[in-house]
Amino acid sequence: MKDIKRCDWVSNELLEKYHDNIWGKIEKSNIKLFEMLILECMQAGLSWNIVLKKKENLQKVFSKFNYMECAQYTDEYLNSLLNDSGIIRHRLKIFAVRQNAISFIKIIDEFGSFYNYIWGFVDYKQIVNNNKKYSDIKSKNFLSDIISKDMKKRGFKFVGSTTIYSYLQAIGVINDHLVDCICYSQCID
């Protein structure tokens with residue numbers, strides 16, 4: 001039986017599960033879009049493997065990424081999370097969850113959904129890259145620069161261009177699966 005080909009960055013079972021079931025698939029749910037945004041923000045400066053290992057605890061402390069609840073968190077609650085070894089204990093990232101929830105809600109109020117906001121940047125057309133090897137994949141581009149700048153103007157935190165590029169990959173706006181990966185054609189809109 002022939003080996004299944006995946007993107008080169010898949011190096012363990014946790015990453016394989018994420019790659020095969022989530023990464024690059026088009027997401028429309030506001031809750032899931034918020035979750036992915038927060039996870040990408042938490043990942044800044046860390047490996048994705050660390051974020052995935054802490055994902056379950058992050059879901060627990062951040063109300064399953066219910067942005068309406070996250071927007072109501074008190075300073076006291078957010079400060080208490082600094083003692084939780086099950087999550088990423090970075091004060092600015094923890095406090096960014098509340099601010100990002102507030103900004104996320106404003107986007108939904110303005111655009112009807114976060115999906116409409118984010119896909120509006122690409123005229124609702126997925127970007128499909130024909131990457132043949134991992135080194136072909138970028139870490140940011142003109143699109144992620146524009147979206148990052150707009151999100152920062154709207155009050156979002158930890159949304160630099162590299163984070164936003166990763167987010168666009170994760171939610172399916174950009175299909176950066178390698179062309180010979182089992183998920184490449186599954187993720188084309």
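I started, in this predicted model, with helix α2 (residues 30-43) and helix α6 (residues 91-111), which pack at an angle of about 145° with their axes 11 Å apart. I noted that the crossing of α2 and α6 is right-handed. When I listed the residues that make this contact, I found N30, L33, F34, L37, I38, C41, M42 and Q43 on α2, and K93, I94, V97, N100, A101, F104 and I108 on α6.

I turned next to the salt bridges, of which the structure holds nine. E35 and K55 meet through their side chains in one of them, at 3.5 Å from N to O. I wrote down that this pair links distant parts of the chain, since E35 lies in helix α2 and K55 in helix α3 (residues 48-61), 20 residues apart. Is E35 buried or exposed? E35 counts as buried because its relative accessibility is 3%, under the 20% cut-off, and K55, at 15%, counts as buried too.

I then looked at D150 and R154, whose closest N and O atoms are 2.8 Å apart in their salt bridge. Here D150 is buried, with a relative accessible area of 15%, whereas R154 is partly exposed at 28%.

For the salt bridge of D8 with K5, I recorded 3.0 Å between the closest N and O atoms. D8 counts as partly exposed at 42% relative accessibility, and K5 counts as partly exposed at 31%.

Last, I noted that R6, E16 and D20 are linked in a network of salt bridges.

Definitions and conventions: Residues numbered from 1 in each chain as written. Predicted model: local features only at pLDDT ≥ 70, side-chain atom pairs only at ≥ 80, totals over all residues. Heavy atoms only, no water. Axes fitted to C-alpha atoms, helices over the stretch in contact; angles between N-to-C directions. Helix = DSSP H or I, 4+ residues; strand = E, 2+ residues; numbered from the N terminus. Left-handed = near helix turned anticlockwise from the far one by under 90°. Contact = heavy atoms within 4.5 Å. Salt bridge = Lys/Arg side-chain N within 4 Å of Asp/Glu carboxyl O. Buried < 20%, exposed > 50% of the residue type's maximum accessible area, 1.4 Å probe, protein only.
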